[in-house]
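Please have the sequence and the structure open while reading.

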Amino acid sequence: MRDNLKWSHCEPVTADDVIFGYEVYASPDSQSLHFDLEENGNVECVEEFHNGEADHIPGIEKVDDHTVKYHLKEIIPDLKYGGGGLHHEALPKHDLEDIPVEELSSSPQLRQHPIGFGAFRVTQIVDGESVEYEANEYYYDGKPKIDKIQLTRIPSANIASALKNQQYDVVLGMPNSSYEDYKDAAGYDFLTVPVMAYSFMDFKLGKWNDEKRVVEPDPNAKMADPKLRQAMGYAVDNDAVGERFYHGLSWNANSIVVPGFEDLHDDQQKGFLL
């Protein structure tokens, strides 16, 4: 970790905060919807911790105040791309450790006065509407030149009119489906990148066995025949759907590796192979 990294109220960010963040994330009492034992169980003893059989995670070792060592069950390729079972969110232990994990997500420390170590710090939150930020003078790379930012959430149906009225300096998350309504808005530059995601069709083929953590297929399920599932895939012209409903901004996926991973994605690969 950087030795000059500080929380937005000047306390130093330490290895303890990294370990605390992982233990909150993996806690059996956590409210997180993102914890996945299949993925995050690659760190040694995370499974035992998550199951309540250990009070800490020995697989995450504090070397010194600025160094954390992870002990993994296996080294897998997606470690290079931010995966492999590692969780990267530090939490301010000194500010949150006295709050029961099951109460953290609704606590004032997170809902109203969150502490971070980014370029800006939160000054006011209106639930579901807006968040106000001010420049963080403790930011490791120096205080930002912009004094304040107001982030406002608006319905997607109102985005086009907001652009036409030049109501906002920056608009994020523009919907593909209404591109024709805002593409000619004056005074804005449009910047796009392929999303790191894809959509897919899934089928109910059996029941989930929670103890074994597998789906137990039902040979009599309506969609049990893979030929039928493949036929449904071929029956949908995804490129035509993307052109007609998303103005060419969505297209057929040929792989589960999205184009954002340029050194791994193969744009010549064929999809829906029988």
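## Terms and basis

Buried means under 20% relative accessible area, exposed means over 50%, and partly exposed lies in between (1.4 Å probe, protein chains only). A salt bridge is a side-chain nitrogen of Lys or Arg within 4 Å of a carboxyl oxygen of Asp or Glu. Helices (H or I, at least four residues) and strands (E, at least two) are DSSP runs, numbered from the N terminus.

The model is predicted: local features need pLDDT of at least 70, side-chain atom pairs count only at pLDDT 80 or more, and totals for chains, interfaces and linings use all residues. Residues are numbered from 1 along each chain as its sequence is written, and side-chain values use heavy atoms, with hydrogens and water left out.

## K62 and D16

The count comes to 6 salt bridges. In one of them, K62 pairs with D16, with the closest N and O atoms 3.1 Å apart. This pair links distant parts of the chain, 46 residues apart: K62 is in strand β1 (residues 60–64) and D16 in helix α1 (residues 15–26). D16 is partly exposed at 28% relative accessible area, and K62 is partly exposed at 35%.

## R121 and its two partners

R121 forms a salt bridge with E134 at 2.8 Å, N to O. Because R121 lies in strand β3 (residues 120–126) and E134 in strand β4 (residues 130–135), the pair ties together parts 13 residues apart in sequence. R121 is buried at 17% relative accessible area, whereas E134 is partly exposed at 28%.

R121 also meets E137 in a salt bridge of 2.7 Å, N to O. Here R121 in strand β3 is linked to E137 in the loop between β4 and β5 (148–152), 16 residues away. E137 is partly exposed at 37% relative accessibility.

Salt bridges with shared partners join D16, K62 and D65 into one network.
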